[in-house]
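Visitor: I am new to this structure and would like to learn how to read its features. Please show it to me.

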Amino acid sequence: MDNNRLQEELMMERKVRLEYEQKYMSIIEHNLDPIITVNRNGRISYANNAVRKAFGYRLNDLSGKAVIDLVDAEKMNDFNVLLSRSFSGESIEVEGIMLFHKRGQYVSTYVKTIPVSGQGDIEEIILLLRDTTFHLKNNERLLFLSYHDQLTGLWNRRALKEHFDVDAEYARRSDEKLSMIQLDLDRFTTINDSIGRNGADEILKMVADRMKIVCPKEGKLYRNGGDEYIILLQNHSIERTEMLAQKILTDFTKPFYYNHQEYFLSSSIGISVFPDDGTSLEELLQKAEQAVRFVKERGRSHYRFFRDEMNSTFTDTALMEAHLRRAIEFNELELYYQPQVNLKTGEIDSFEALLRWNNRKFGFVSPSEFIPMAEESSLINSIGDWVLEIVCKQLKEWQDKQFRPVRIAVNISSKQFQDGAFAEKAKRIIEKYGIRPSSFEVEITESALMNMKDTLLTLQKLKDIGVTISVDDFGTGYSSLSYLKKYPIDIIKIDRSFIKDIELDEKNEAIAKTIINLAHNLGMEVIAEGVEKDLQAKILREADCHKAQGFLFSKAIPASEIVEKYFT
């Protein structure tokens, strides 16, 4: 009787083990990721069907072969260490292992090892593989975009900042000078109006091509946005810098051709010199800009070096700044709110707060004019504090009225964000009004991400509070996948420059889709800014972009209109 029971138990145990092994093999075989099993001798004992799809090998191509033979020579030592540690019981993840494809090329591969034990010993290792070539190409593309202007391919403002730091330090040590040459196209809006934005963009590219030819080998050429170009010159005498400016002006006497039609442009040039006119990039850019304005006010199509007397031409700027200092006191500031629309459902549960200034002397002043002024004069901190207060107060009001939960995004300037007490300040205001922390969104620009240690500390404090964090104007500044991976970011906002003409420009569409895919892969929400056309929204919706904002849906409106339109 006991013998029969024992036999039955052994048979049942074998049956269970067989079923388990069948399920185990089924999981491996039907896994969408390539999987290879390696025995203790380092030889391949099994490869699933996904290996053939990814690397071209069938099981009989690999069975019994040393797995190390698939690895590029430069990575063999690393891979042997990986195997050794895995057979000691560790599960390890490694990126960048180069595995040989049957077609003859190496494939950048993510490898995860899973030790498989039997009767207490590690019998084999499962290698879970993933082709990362596409992600590497995306990384390289985003890295290029982060340093180059997308229209002309020239260096961009971020590149200028980094290059200047290096060049200025070299000039300081070598007792040399740097020349900052800023070129502005004269009356370019007339070109824009006559041939349209696409035609104007083609002209801007022609200008860039012409400037590349003129720019000497000691110089670096940048597009500073719009119709502004900058040349940073190393170790150039005043005389040689003048000769270059004259050559540029002479080149602009030649026509530009678009659609078989001649167009004539002129340019105004302002020049500042390091260290005579300043030692920081912002100082030199400001002085060059003042020199450009001086030229434009005196007939255009010429060049000038900065002189101290040029400061006297900016009395209106000084007066406007004086008025801005009293804007809060005189109740001239107001927040408008632009809805962010869920592209799949059409629902709206988030808004962006946008600052407006209606001054008694200057009337409505554009944010693009007074925000930089506030940042330069350090008024941005007091104005920023006022914005935080008003947004939290508004959220509290809507919360008390039991309106449906919404989130409001607030643009935080780099200066305000880099204030060491920003997170504590935000916490105090949130607690003061008793609002849900997640309903308050801190929107920072990519430039604010550059100081990693301080930025990570501030962002972590904000996340501990429960605040939502987004990166604004993504793709135009400091774009780094490693930083996005390390920072606790919830939302990426695609800059409007990539949305503009997305329905006509394949490059813009490709960039926007790349950013959307990146956000999905990192588990982040993605919002597109500046959506103005139905077709733009359609393209973004099909690309699985979560939300969009722009004039297609609504301009920014006062809080009272938000209540009327979206809460009643």
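Visitor: Are W357 and F370 buried or exposed?

Guide: Buried means under 20% relative accessible area, exposed means over 50%, and partly exposed lies in between, with a 1.4 Å probe and protein chains only. W357 is buried, and F370 is buried too. Before we go on: this is a predicted model, in which local features need pLDDT of at least 70 and side-chain atom pairs count only at pLDDT 80 or more, while totals for chains, interfaces and linings use all residues. Residues are numbered from 1 along each chain as its sequence is written, and side-chain values use heavy atoms, with hydrogens and water left out.

Visitor: How many aromatic pairs are there in the whole structure?

Guide: Rings of Phe, Tyr and Trp (its six-membered ring) pair if their centres lie within 6.5 Å; planes under 30 degrees apart count as stacked, over 60 as edge-to-face, and the rest as tilted. A search of the whole structure finds 10 such pairs. One of them joins F252 and F256, a tilted pair with 5.8 Å from centre to centre and 55° between the planes. Both F252 and F256 are buried. For W357 and F370 the ring centres are 5.6 Å apart and the planes stand at 80°, so this pair is edge-to-face. It links distant parts of the chain, 13 residues apart: W357 is in strand β14 (residues 348-359) and F370 in helix α11 (residues 367-376). Helices (H or I, at least four residues) and strands (E, at least two) are DSSP runs, numbered from the N terminus.

Visitor: Which residue has its charged end over the ring of F256?

Guide: A charge sits over a ring if NZ of Lys or CZ of Arg is within 6 Å of the ring centre and within 35 degrees of the ring normal. Over F256 it is R210, 3.8 Å from the ring centre. In another case, R356 lies over the face of Y336, 5.8 Å from the centre of the ring.

Visitor: Where does helix α7 bend?

Guide: The bend at a residue is the angle between axes fitted to the seven residues ending there and the seven starting there. In α7 the bend is about 120°, at G196. The expected span of a helix is 1.5 Å times one less than its number of residues. For the 27 residues of α7 (188-214) a straight helix would span 39 Å, but the end C-alpha atoms are only 21 Å apart.

Visitor: What is the order of the strands in the five-stranded open sheet?

Guide: Strands of a sheet pair through backbone hydrogen bonds, either parallel or antiparallel. Two strands count as paired if DSSP finds at least two bridges between them. Here the order is β7-β8-β6-β11-β12, with mixed pairing. β7 (219-225) and β12 (303-305) are the edge strands, each pairing on one side only. Within the sheet, β6 (residues 178-185) and β11 (residues 267-274) run antiparallel and are joined by eight bridges.

Visitor: Why is strand β18 described as largely enclosed?

Guide: Six of the seven residues of β18 (residues 468-474) are buried, so the rest of the structure largely encloses this strand. Strand β17 (residues 440-445) runs parallel to β18, with five bridges between them. β18 also pairs in the parallel sense with β19 (residues 491-494), over three bridges. V471 of β18 stands opposite I444, and the bridge partner of V471 in β19 is I492.
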